[in-house]
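Student: I would like to learn how to read this structure. Please take me through it one feature at a time.

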Amino acid sequence: MSASLRDSIPQIANPGNLDASVQEAFALMLGCECRRIAASRFNAEDSLIAVVGFGGILSGACVIRSSVPSAIRMTALITGMEITALDATVQDALGEICNVIAGSWKSRIPELAAHCALSVPAVIAGNEYWIRVHPPESKLHHMYQFDESTFEVMIVCEGLR
Amino acid sequence: MKQIRALIMDDSSVMRKIVERTLRQAGVELECVLEAANGHEGLDLLERHPVDLILSDVNMPSMDGLEFLRQLRGRNLAPQTPVVMITTEGSEEQVRQAVEAGAQGYIRKPFTVEQIKQRIVPLVSAG
């Protein structure tokens, strides 16, 4: 019998699964608390976006968008190093955080854990850049805060089998 | 515990540093750490440098961790060296594939110091 995700849609759309994945990644990788805050307009200037694609039974992506200062703060926490400017280490760190959140999120949904693969992360730096999928089957779009910094995480499910 | 030489493979240099730091926090004495960004680089290093422990990501470009394991065992390179996969992918099927390919352990990212202690320290202490 082929696997179907249709019965798992409530779990995919459950915002608590994404919150738990983000909080776990920040607690274990960055050693800090992270909480969801009310969505507000994101200042898109000088932002960094990390994308990890989902393939297999679900096609879509986990996307993180962060300002450059927030990404630098994340990198400093994750590496324990003083980071002062956007460089390859910052891009690498944001990609790996996205990778871990994507993996943690899919592991919370049994059908996805077994039948969905992750791409390697891609990181894009630029202004006024965002990813849109029309029309997504399901989308979670949350804003989070750690220390005094904020960032966005989006789970987009473009197709379910 | 004796000092060991470790090979850490991950396409993320940040994650390689996290793994090294966590090994040290877990009490593993590292004599030297070799780093590779994919399976090709890992095999190339192992041709020239013996190690006591291999920690490998699964999802890497060029040559992934499972293919690395198959080639490692197929070439009989480092036959006594324990290999532990550290990855975001953690389904039963993926763990089964890794064990069949010759992995001694499997740790899901993000991991804790305690998980490293429990699953890796016994492997390097036994050597």
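Tutor: Start with a pair of strands: strand E1 (residues 4-9) of chain B runs parallel to E2(B), and six bridges join them. Helices (H or I, at least four residues) and strands (E, at least two) are DSSP runs, numbered from the N terminus. The model is predicted: local features need pLDDT of at least 70, side-chain atom pairs count only at pLDDT 80 or more, and totals for chains, interfaces and linings use all residues. Residues are numbered from 1 along each chain as its sequence is written, while chains are lettered from A and ligands numbered from 1 in the order in which they are written.

Student: Which residue in E2(B) stands opposite Ile8(B)?

Tutor: That residue is Glu35(B).

Student: How do I read the whole sheet?

Tutor: Strands of a sheet pair through backbone hydrogen bonds, either parallel or antiparallel. Two strands count as paired if DSSP finds at least two bridges between them. In chain B, five strands form an open sheet in the order E2-E1-E3-E4-E5, with parallel pairing. Strand E2 (30-36) and strand E5 (105-108) of chain B are the edge strands, each pairing on one side only.

Student: Where does Pro110(B) lie?

Tutor: Pro110(B) is in the loop between E5 and helix H5 (113-125) of chain B. Most residues other than glycine have a negative phi, and most peptide bonds are trans. The bond joining Lys109(B) and Pro110(B) is cis, with omega about -5°.

Student: Which residues have a positive phi although they are not glycines?

Tutor: Ala78(B) is one of them, with a phi of about 50°. It is found in the loop between helix H3 (65-74) and strand E4 (83-87) of chain B. Asp147(A), with a phi of about 45°, is another; it lies in the loop between strand E6 (138-146) and E7 of chain A.

Student: Is Ala78(B) buried or exposed?

Tutor: Count the C-beta atoms, placed from the backbone: a residue is buried if 20 or more others lie within 10 Å of its own, exposed if 12 or fewer, and partly exposed in between. Ala78(B) has 20 others within 10 Å, so it is buried. Asp147(A) has 13 C-beta neighbours inside 10 Å and therefore counts as partly exposed.

Student: What is the make-up of chain A?

Tutor: Chain A has five helices and seven strands. From the N terminus on, they run α-α-β-β-β-α-α-α-β-β-β-β. Buried residues make up 39% of the 161 residues in chain A.

Student: How can I check the length of a helix?

Tutor: The expected span is 1.5 Å times one less than the number of residues. Helix H3 (residues 68-79) of chain A has 12 residues, so it should span 16 Å; its end C-alpha atoms are 16 Å apart, which agrees. Among the buried residues of H3(A) are Ile72(A), Met74(A) and Ile78(A). Just after H3(A), Gly80(A) takes a positive phi of about 75°.

Student: How many residues of chain B are in contact with chain A?

Tutor: Two residues are in contact if their C-beta atoms, placed from the backbone, lie within 7 Å. On that basis, 18 residues of chain B touch 20 residues of chain A. Helix H1 (residues 13-25) of chain B gives the most to the chain B side, with five residues.
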